[in-house]
Structures are given as structure tokens and as C-alpha cells.
Amino acid sequence: MSDLITTVVQSLGPGAMLAMFALGLVLIYRSTGVINLAHGAQASLGALLYWDAVVNWGIPSIVALAVAVLGSGLVGALIHVAVMHPLRDAAKLTQLIGSIGVMIVVQSALLLTYGSTTRTVPALLPSGTVGLPGGATVGADRLWLLLIGIGVTTALWATYRYTSFGVRTAAVAENAVSAAALGVSSTRVASANWFLGGCLAGLAGAMLAPVAGANIVTLNALLVPGLGAALFGGLLSFPLTLIGALVVQVVQAIASENIDVRGIAGIASFAIIVVLMLVRGSAIPERGFVGMRLPSLGSGRIGWWAVLWVGVSVAFVVNGDPEWVDAVLTSMIIAIVMLSAVVITGYAGQLSLAQFSLAGCGAYIAVQLSQRFDVPFPVLLLASAALTIPIGLLLSIAAMRMRGASLAVITVSFAVALYAAVFSQSQIQSVPSPSLAGWDLSPIIYPERYLALATAVFVIAAVLAANLRRGATGRRFVAVRGNERASAALGIRVGLVKATAFSIATFIAALGGVLYVFRSPSVEFGGFTFESSVEVLAWTVIGGLGFIAGPLLGMGFAPGGIGTQLVETIIGGQSSWLPLIGGIALLATVVLNQDGIASVLLDAARPVRRRLRRGPSSTPGHEMPSQPAQEPSASAAHSLEPETVTASKPSAKPARHCLPLEVRGVSVSFGGVHALTDVDLALEPGTVHGLIGPNGAGKSTLLDVISGFVSPRTGRITLGDQGLGPLKPWQRARIGIGRSFQSVELIPDLDVEDNIRVATESSAGPTLLRDLVLPSRRDLPPAAREIVRMLDLEGDLHRRVGELSFGRQRLAAIARALATDSQVILLDEPASGLDDTERRELTRAIRLVAHGRGIGVLLIEHDVDLVLGTSDVVTALDFGKVIASGSPEEVRASPEVIASYIGRGADDPNVQGEGAVAK
């Protein structure tokens with residue numbers, strides 16, 4: 001028992017310093033919404049500054065501590081001013097990549113200045129031991145660390161709770177625009193918090209250095225347990241973060257003492273993070289913004305000229321200097337792993353910081369297989385990659401409930417745990433020389449042959465990835481990347497899409513890993529660190545995260561590759577500067593052009609390609625103008641009466657037997673707020689059923705309940721005889737529940753036609769293998785073409801969503817909803833933002849879909865005249881209760897309905913805009 005007490009108490013001091021580190025993460029996140037992955041590098045800076053000040057400058061320890069803390073704080077403020085402030089309106093993924101760039105720059109600068117050796121740091125706190133009950137003893141410095149941790153935590157809690165600075169920080173975090181209107185500078189507040197966060201990282205590093213030594217790798221590894229402690233506090237609470245840090249450190253210490261498993265401390269940290277994130281729900285509470293632009297995507301069209309260029313370049317190198325052959329070989333293998341980042345993060349939007357670790361898994365499996373079985377190298381390569389897929393699927397399970405920064409935390413924790421448990425402990429092993437049909441591919445004897453193999457693997461993987469991008473599977477990837485909610489409403493099984501993306505990316509990464517370790521007959525796995533996985537993503541971002549060419553353009557930053565050879569040739573023996581150059585290039589990319597080099601080259605080449613296609617008479621640099629939009633014909637616009645729709649019936653899809661939708665006794669509560677109470681509604685086939693009510697009446701909530709995004713407290717919903725209770729949103733979409741959203745929620749990286757096409761092909765059978773080899777692009781179904789024509793969108797089909805006005809985006813979203821082969825369609829404020837002509841086109845299309853195709857349409861719209869003039873049946877809600885239901889005339893005349901609108905005051909703008917219900 002005394003040993004256990006000693007272990008626990010001894011770990012409390014380092015645990016308190018881990019808390020200092022985690023408190024910095026919390027402070028930065030709660031004030032700016034950024035998870036700072038450079039925090040570990042800042043802790044290393046604090047430790048090395050303290051060592052330098054004490055040992056080389058001869059400064060007293062307490063003054064050296066102040067230098068270390070302030071130096072780290074100033075770097076934190078600089079990070080905000082130079083990187084995070086320019087990225088304040090960028091997507092969270094881009095901000096996270098920005099922090100990765102800072103991590104690489106700071107860490108590279110420290111390695112250049114101090115090297116990688118561990119330095120012994122003079123003691124800062126009193127030494128000696130303190131007796132514990134039962135005869136155990138503990139170092140006095142550990143107790144001092146604990147007291148300091150408690151004191152700093154208390155000071156932070158009091159500062160952010162009771163001071164004006166804490167109030168301003170909370171105001172900026174809640175709503176920066178409103179805070180600015182009150183005279184609070186969000187820039188100054190954020191800079192101050194980044195400074196304080198850096199001070200805490202520097203304090204943790206400097207205080208831990210006398211205990212654990214000043215080592216860049218060791219202190220950078222604080223990131224994972226620090227994230228675990230921060231998550232324990234919900235990334236908000238200072239006291240809970242302190243408790244979480246102590247718990248994490250104690251668990252690690254006990255596990256290390258009692259469990260004989262390699263890397264158990266890292267595994268324990270990973271397990272704690274996984275449990276905390278799963279318990280806390282879907283994700284870290286990210287403060288994301290609608291419409292944030294992610295890095296652009298390539299079209300997936302194969303530029304065979306580029307393939308030819310790669311082949312010619314490699315052939316030229318093969319006949320050149322052996323050092324250049326080895327450099328290109330290294331870069332080409334890393335490019336294969338980078339290609340996996342294009343698939344998982346570029347295409348599918350899942351931020352994985354474990355791709356090089358997954359490559360290491362493939363390499364480890366290949367080595368074990370090669371020592372047990374005598375199989376041809378191509379078989380070994382493919383089998384090892386295939387056997388690595390289940391590991392990627394394990395990560396995809398986390399991705400089912402997480403995204404963005406939260407997924408990055410899980411994947412980087414996985415990479416750290418894997419390195420601690422497997423790669424750092426592996427002994428040097430021997431592997432046979434690769435061969436193909438008796439042809440020796442030994443990289444030592446015939447490096448040019450092995451380069452040819454690596455190039456062939458990259459080209460094949462790149463072609464398959466490009467095919468994937470152009471096929472139905474790729475469109476689903478892009479849809480999930482752009483909007484998971486809208487994707488589920490279109491019938492896309494989001495979890496399956498993520499699992500598919502992880503599987504493909506893992507397979508590609510494993511191919512690169514196997515080729516990487518078989519470059520030498522003696523294999524060691526120490527290079528598969530989490531920092532390497534982070535760097536793989538960084539280089540891919542520089543080249544172009546959404547482009548197949550991105551890996552080729554960014555692979556030069558890999559150590560030992562083309563960039564190393566260039567630096568050594570130009571500067572001479574200074575290749576250690578390459579990581580710093582790469583980090584600076586990454587920061588320049590995310591700040592100036594997050595789309596990467598590939599996008600820049602594509603934009604530069606576009607005018608030339610246009611001129612070649614169109615000849616010298618075309619105006620250079622401009623697209624041919626599209627056909628002007630046609631005004632609606634008189635027969636389409638002069639009336640909203642049923643006979644107008646009847647005249648259009650022959651061009652519509654013949655009416656079919658659709659099923660009725662029934663809502664019975666549905667109630668929904670959010671905390672103590674009753675959003676819906678015993679709502680009944682029947683949507684019959686071939687009718688337009690309007691749903692009206694004041695703001696907050698529960699209309700959109702009812703649509704969310706029907707489509708599966710909100711679970712009712714009571715009640716039942718049926719489509720025909722089938723109850724919808726157990727069905728998820730994508731399942732409801734596939735059985736016939738189509739919908740649009742109050743916000744447009746189109747897929748920003750697809751053009752209008754592909755936005756509609758995704759909706760029409762979401763229920764198609766498995767297409768992965770076909771898409772990898774021969775991608776398909778189905779024509780829009782006739783019903784979808786008819787809707788496109790009705791809404792006058794034919795000239796917009798090949799335009800990206802961002803190129804359209806808001807009104808045209810709204811029409812595209814409605815066309816996507818109406819184009820599905822649905823039993824019922826739920827339209828949430830479809831006329832918002834449309835002009836009078838567009839409203840007439842929309843009204844005609846809605847009635848055509850209902851009366852001409854036999855589909856039930858449930859319509860929510862604040863324009864009450866439009867609803868009453870379009871609907872066959874109308875239901876009115878107020879405070880979540882049905883107050884009237886019947887024909888438009890009956891509902892218009894209902895005293896309860898009139899009171900629900902007029903009762904709010906005649907000067908209410910909503911009343912004015914809705915025609916006050918009665919004419």
C-alpha cells in the first residue's frame with residue numbers, strides 16, 4: 001500500500017504541471033475556439049529558455065523562470081498576430097492546420113538552435129524528501145509543484161470570473177461582433193489570451209525541465225495527456241482541468257508501475273481521451289460558422305500530360321546521379337502517403353493526423369509477413385495494405401460521432417499511443433530483398449528499379465483516387481465533407497461514407513509504408529512518429545490538399561527527399577533547415593492561399609487552356625458568357641390557379657401511388673421548453689399541405705422530427721403502414737422523406753447539377769469498385785430535368801454554388817429536394833430570398849410536383865399569402881400546438897390564427913410581411 005501511496009503522491013507534482021499545460025489549451029480555446037497543436041512546442045521553448053538562461057547566461061533561477069515564461073508568452077502573442085488573426089474567419093480545419101504550421105516552425109527552430117539531446121536542468125525548487133503515512137516518502141519539489149498548480153488554477157478561475165478582462169473574454173467568445181459594438185476589441189482580447197496561454201505552456205515546460213529534463217520530443221509529447229486533461233474540463237473549466245490533469249498523471253503512473261505493456265502510459269492517455277470524448281457526446285463544442293470555405297477540390301479529371309511528365313522526369317533521374325535517384329525515391333514514397341491525406345481530408349473532410357502512423361502499421365504487418373511467408377513482393381505489398389484496413393476502420397468509428405478538431409484530437413492521440421506501444425519499442429529487423437518475377441528490385445543494388453516500382457504504385461493509386469473523385473462515391477465524399485446534415489437528408493449514410501474514406505486512405509497509406517521500410521534490408525520503425533503524420537498533412541496542404549497533384553508538388557519537403565537534395569546542392573550541408581522552410585511555407589499557404597500550389601498553377605494555366613480550346617478569336621482569360629436566363633412564359637406566370645398546373649401535366653412524370661404521412665400526438669421538449677405539444681397532422685398524396693405560425697411556433701422543429709433529426713418525447717409518425725420511429729435520417733430519406741432546409745445547405749464544392757445528382761443517386765447500390773475503375777456520371781432523371789426547367793436553372797447547372805446569388809441558391813436547393821424520387825417532400829421556407837418572378841416559378845413547380853406526380857408536399861413559408869394560395873390544406877401552429885387545420889379559407893378566417901399573428905402587435909414586421917393572415 002505504501003508503494004501505491006508513493007506512486008500517487010509522486011505523480012501529483014508533474015500532474016500539476018500537466019495542468020498548467022492543459023490550462024493554456026483551455027484558455028486559448030475558450031477565448032478563440034482554436035485548439036493549439038503548437039502548445040507542446042511552446043512548452044519546449046520555455047524549458048530550453050530556462051536552461052539557457054541558468055546555464056549559459058548565469059541568471060538566477062527565479063529570473064530565468066520569468067524569462068522563460070515571458071518568452072513563451074510573447075511567442076503566443078506573435079502566433080495570434082501573424083497567423084491566427086488573419087485566419088479568424090477561416091474554417092476550423094484551416095485554423096488547426098495553421099497551428100500545425102506554427103508547431104513545425106517553433107520545433108524546427110528549437111532543433112536548429114539546441115539540437116535534440118536531453119539537457120540536465122538545475123533544480124528550481126527545494127530538494128529533499130517529505131515523510132508520508134506508512135513510512136513512504138516523496139520529494140519536496142513534487143509537493144511544491146502541486147501547490148503552485150493549485151495556486152495558478154485558483155488565480156485563473158478568479159481572474160476570468162470576477163475581473164473585467166474575464167468579462168470581455170467571455171463576451172468576445174460568445175459574439176465578437178456584438179462585443180465590438182460595445183467597444184471591446186476582439187483582437188486585443190485574443191492576443192492577450194494567446195499571450196497568457198503561451199505563458200502557461202512556458203511555465204509548465206520550465207517547471208518540468210528539472211524533473212524530466214529539457215528534451216523537445218518529450219515535452220512535445222505533453223500534447224496528448226494535456227488534451228485529455230483539457231477535455232476532462234470540457235475545454236472550459238479551470239478547476240476541472242486541474243483535476244483531470246492529476247487524474248491523467250496518476251493513471252499513467254499506476255499503469256506504468258503495474259502493467260507490463262510497452263507504451264502503457266501513452267495507451268492510457270489515448271483511452272482517457274476516447275472515453276471522455278464519447279461520454280461528452282458528438283464532439284468538442286466547436287464554435288464553427290456556416291459557410292466557412294474549406295480548401296478547394298480538383299475535378300478529378302486525369303491530366304495525362306501530367307502522368308507523362310512524371311514518367312519522363314523519373315526516367316531522366318534514373319539515368320542521373322545515384323543521390324538524386326535516392327532523393328526522388330524517398331519523395332515518391334512519401335507522396336503515396338500524402339495521397340491518402342488527399343482522400344481522407346481533402347475529399348471526405350475528415351481531419352486525420354495519423355496517416356503516417358497508419359503507413360507504419362502497414363509496414364509493420366509487411367515485415368511480420370515477410371519473416372513468416374515466402375510470397376512475391378507485390379502480393380506482400382497488397383496483402384499488408386489490405387490487412388491494415390481494419391485499423392483505419394477503428395479510427396472511422398470515432399469519426400462517426402466526431403469531426404474537425406475533435407477528430408484531429410483522436411487521431412493524433414492514436415498516433416502517439418501507437419508510437420509508444422509499437423514503433424518506439426520495435427527492434428531492428430531484417431527483411432528480404434524485394435523482387436518481381438525473378439527481377440531483383442533491391443533498392444541498394446538497383447535503386448532505379450525500386451524507384452520505377454514506387455512511381456508505378458503512385459500513378460496507379462493517383463488514377464484510382466481521381467476516378468473516385470469523379471464517381472458517385474466521390475460525390476458522396478464531397479457531400480459529407482460539405483454538409484453532413486444535408487447529406488443525411490439526401491439519403492447518404494454518412495457513417496458508411498466515412499468508413500469507406502478511412503478504408504481507402506488507410507490502404508493507400510499502407511502501400512507507402514511498406515515501400516518506405518523495404519528501402520533497406522534492415523528495418524526500424526522509430527521514424528513513424530506523430531510529428532511525421534502531422535508533417536505529411538502539412539506538406540499535402542502546401543501542394544494542394546484537394547488535388548491529386550498536391551502530393552507531387554509538396555513531396556519535396558520530406559526529409560531525405562528532393563528538397564533535401566536541393567538544399568544541400570544550393571546551400572551545401574544545410575538540409576536541417578528544410579523543416580523550418582516547410583513550416584514557413586505551410587503558414588504562408590494557409591494565410592495567403594489555403595488551396596495550395598496546385599490551385600495556383602491551375603489558375604495560371606486556365607487562360608491558356610481556354611485559348612487552346614476556343615481559338616484566337618476568344619477573349620483571353622474569360623469564360624464564354626452563359627445564355628441569359630429566359631423570362632417565364634405568360635402561361636407559367638400569369639396565374640397560380642389549378643388549371644395552369646393541369647395544362648403542364650403532360651410534361652411531368654405521370655402520377656404514381658404515393659403513401660400518406662401521418663403525425664400523431666408528437667411532443668418535443670428542449671429542457672423546460674415545450675417546442676411541440678400533441679401535434680397531429682396528415683399529409684395526403686397529391687396535395688400541398690401548408691404549415692403556418694408565428695416565429696417560434698415549432699414549424700421547423702416538426703420538420704426535423706419527421707426527417708429524423710430530432711427525437712420526439714411522445715407520439716408516432718408513419719409513412720403508409722411503416723412507423724418511422726427507429727429510422728435514422730438517411731433511412732427516412734431512402735424510403736421517401738425528402739426535404740429542404742431553412743438555410744440553403746447546398747454542397748459548396750459541387751456544381752448545381754451534381755448537387756441534384758447526389759440526391760437522385762444516394763439510394764443506388766454499392767458503386768465503390770466501379771467508381772475506382774470506371775467512374776459513372778448518370779444523367780439527371782427526367783423528373784429532375786423537368787424541375788430544373790421549371791425553375792429556370794438550366795443555365796446554372798455547371799456553376800458552383802458560390803457563384804450563384806442567394807435567390808438562385810435557394811432555387812437550386814428546392815430543385816434538389818423536388819428532384820428526388822420521394823413519397824413526401826418537406827419544404828422549409830423555400831421562397832425566402834426569391835423575387836416575385838422566382839416565387840411564381842417556385843409555386844408552379846410545387847403544385848406540379850404535388851398534383852402532377854402525386855407527391856405530398858409539406859410547405860412552411862412566412863409568406864402566408866403564398867402558402868394559402870398554394871396549399872390544398874393548411875395547419876396553423878402557435879407555441880407548439882395546433883390551433884387550426886382545414887382549407888386555406890377556413891384557416892384564414894380562424895379567430896385563433898388571426899389572434900396568433902395580430903396579437904403580437906400591429907407594428908410587428910412579421911405580421912406586415914405575412915399579410916396579417918386575412919385579406
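You're looking at a predicted model, so local features need pLDDT of at least 70 and side-chain atom pairs count only at pLDDT 80 or more, while totals for chains, interfaces and linings use all residues. Residues are numbered from 1 along each chain as its sequence is written, and side-chain values use heavy atoms, with hydrogens and water left out.

The protein chain exposes about 36,700 Å², and carbon and sulfur atoms supply 62% of that; accessible areas come from the Shrake-Rupley method with a 1.4 Å probe, and for residues only the protein chains shown count as cover. Of the 919 residues, 57% are buried (buried means under 20% relative accessible area, exposed over 50%, partly exposed in between; 1.4 Å probe, protein chains only).

**Stop one: the core**

Select Ile100, Tyr450, Phe477, Leu515, Phe518, Leu537 and Leu586. In the largest nonpolar core, which has 202 residues, these touch the most other members. A nonpolar core here is a set of buried Ala, Val, Leu, Ile, Met, Phe, Trp, Tyr and Cys residues joined through side-chain atoms within 4.5 Å. Helix H14 (residues 322-347) gives the most to this core, with 16 residues. A second, separate core of 48 residues includes Ile787, Leu791, Ala850 and Ile855.

Zoom in on Tyr450. Leaving aside neighbours within four places in sequence, its contacts (heavy atoms within 4.5 Å) include Leu329, Ile333, Phe377, Leu515 and Phe518.

Next, pick Leu240, Ile243, Val247 and Val251, which make a nonpolar surface patch of about 280 Å². For patches, residues need over 30% relative accessible area and no salt bridge; like charges are joined within 9 Å, and nonpolar side chains (Val, Leu, Ile, Met, Phe, Trp, Tyr) within 5 Å. Ile243 lies in helix H11 (residues 238-258) and is partly exposed, at 42% relative accessible area.

**Stop three: two loop residues**

Go to Gln823, in the loop between helix H34 (806-818) and strand S13 (824-828). Gln823 counts as buried because its relative accessible area is 14%. Its side chain reaches the backbone nitrogen of Leu659 at 2.8 Å.

Then try Glu745, in the loop between strand S12 (737-739) and helix H31 (752-761). Its side chain makes a polar contact with the side chain of Asn483 (3.1 Å). That term means a pair of N or O atoms within 3.5 Å; within protein, one must be able to donate a hydrogen and the other to accept it, and residues adjacent in sequence count only if both atoms are side-chain atoms.

**Stop four: salt bridges**

A salt bridge is a side-chain nitrogen of Lys or Arg within 4 Å of a carboxyl oxygen of Asp or Glu, and the count comes to 19.

Which residue forms a salt bridge with Glu838? Select Arg808: the closest N and O atoms are 3.6 Å apart. The pair links distant parts of the chain, with Glu838 in helix H35 (residues 836-853) and Arg808 in helix H34, 30 residues apart. Both Glu838 and Arg808 are buried.

Finish at Asp865 and Arg892, whose side chains meet in a salt bridge (3.7 Å, N to O). Asp865 is partly exposed at 40% relative accessibility, whereas Arg892 is buried at 17%.

Technical notes:
Helix = DSSP H or I, 4+ residues; strand = E, 2+ residues; numbered from the N terminus.
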